Amino acid sequence: MKEYKYTINGNKYEVAIGDITDNVATLTVNGEEFKVEMEREAEPEKKKPVVRAAAASGSADEPAAGTAANKANVLKAPLPGVITDILVEVGQEVQAGDNVIVLEAMKMANNLQAEKSGKVTAICVQVGQSVMEDEALVVIE
C-alpha cells in the first residue's frame with residue numbers, strides 16, 4: 001500500500017492506494033474508502049511498415065532478368081533500418097569492398113560495401129528513408 005500526503009488549497013489530504021484490480025483502485029482519503037475507476041491505457045497503434053518506391057534516379061529496384069542482370073550487382077539491405085548516409089554518386093567507379101551506404105539498424109551504424117567493382121548506375125534510396133530487408137539500395141554494373 002502506498003501512502004501520500006497532499007495539501008490542496010490549504011486542505012490536507014492523506015491518501016493511501018490499496019489494491020488495484022483491472023482498472024479499479026481502492027483509495028483511502030482521510031480515513032474514507034473510495035473505489036476509483038481508472039481509464040484504461042490506450043493500446044498503442046501498431047504501425048504497418050511502409051514500403052516506398054525507389055527514388056527516381058535512374059533504375060527500378062532490380063534490373064529485369066536477362067537484360068543487364070547478369071552484369072549488374074544490386075546491393076540490398078541486409079536488415080530493416082534507416083539510410084543515414086550515401087557515400088557514392090551515380091556514375092562513380094567503386095571497387096569491391098568500398099563503403100557505399102550507411103544503414104542504421106538496431107541503433108548501430110552499418111557500413112554496406114560494394115560486393116564487386118564497377119560503376120554505380122542507380123541509387124534507389126535517399127538519406128532518411130526507411131528500408132526493409134532485401135530492398136534494393138544501389139545498382140553497380
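Strands, in the sense used here, are DSSP runs of type E with at least two residues, numbered from the N terminus. This briefing describes a predicted model. The protein chain contains 0 helices and 12 strands, and its pattern along the sequence reads β-β-β-β-β-β-β-β-β-β-β-β.

**The chain as a whole**

- The protein chain has 141 residues, of which 26% count as buried.
- Its accessible surface comes to about 10100 Å², and carbon and sulfur atoms account for 49% of that area.
- Among contacts between residues at least 6 apart in sequence, 45% join residues that are at least 24 apart.

- Strands in the order 1-2-3-4 form an open sheet of 4 strands with antiparallel pairing.
- Strand 1 (2-8) and strand 4 are the edge strands, each of them pairing on one side only.
- On average, neighbouring strands of this sheet are turned by 30° against each other, direction ignored.
- Strand 2 and strand 3 run antiparallel and are joined by 5 bridges.
- Valine 15 has valine 29, in strand 3, as its bridge partner.

**Loop residues with positive phi**

- Aspartate 22 is located in the loop between strand 2 (11-21) and strand 3 (24-29).
- Although aspartate 22 is not a glycine, its phi is positive, at about 55°.
- Aspartate 22 counts as exposed because its relative accessibility is 68%, and the cut-off for exposed is over 50%.
- Asparagine 30 is located in the loop between strand 3 and strand 4 (32-37).
- Asparagine 30 is likewise not a glycine and has a positive phi of about 50°.
- With a relative accessibility of 44%, asparagine 30 counts as partly exposed.

- Threonine 26 belongs to strand 3.
- Threonine 26 is buried because its relative accessible area is 15%, and buried means under 20%.
- The side chains of threonine 26 and lysine 35 are joined by a polar contact of 3.1 Å.
- Not counting residues up to four places away in sequence, threonine 26 touches Ala16, Ile17, Gly18, Asp19, Glu33, Phe34 and Lys35.
- Aspartate 19 belongs to strand 2 and, at 58% relative accessibility, counts as exposed.
- Leaving aside neighbours within four places in sequence, aspartate 19 is in contact with Val24, Ala25 and Thr26.
- Aspartate 19 and lysine 35 are 16 residues apart along the chain, and their C-alpha atoms are separated by 9.8 Å.

- Strand 8 and strand 9 run antiparallel and are joined by 6 bridges; asparagine 99 stands opposite glutamine 113 in strand 9.
- Strand 6 and strand 8 are joined by 4 bridges and also run antiparallel; isoleucine 86 stands opposite isoleucine 101 in strand 8.
- Strand 6 (residues 81-86) and strand 11 (residues 130-131) run antiparallel and are joined by 2 bridges.
- Glycine 81 has valine 131, in strand 11, as its bridge partner.

**Nonpolar cores**

- The largest nonpolar core has 17 residues, and the members that touch the most other members are Ile101, Leu137 and Val138.
- Strand 8 (99-105), strand 10 (118-123) and strand 12 (136-140) each contribute at least two residues to this core.
- A second, separate core has 5 residues, among them Val74, Ala122, Cys124 and Ala136.
- Not counting residues up to four places away in sequence, leucine 137 touches Leu75, Lys76, Ala77, Ile83, Ile101, Leu112, Ala122, Ile123, Cys124, Val125 and Val131.

Conventions: Residues numbered from 1 in each chain as written. Predicted model: local features only at pLDDT ≥ 70, side-chain atom pairs only at ≥ 80, totals over all residues. Heavy atoms only, no water. Core = buried A, V, L, I, M, F, W, Y, C linked by side-chain atoms within 4.5 Å. Buried < 20%, exposed > 50% of the residue type's maximum accessible area, 1.4 Å probe, protein only. Contact = heavy atoms within 4.5 Å. Pairing = 2+ DSSP bridges. Axes fitted to C-alpha atoms, helices over the stretch in contact; angles between N-to-C directions. Polar contact = N/O pair within 3.5 Å; in protein donor to acceptor, adjacent residues only side chain to side chain. Areas by Shrake-Rupley, 256 points an atom, 1.4 Å probe, with all protein chains shown as cover.
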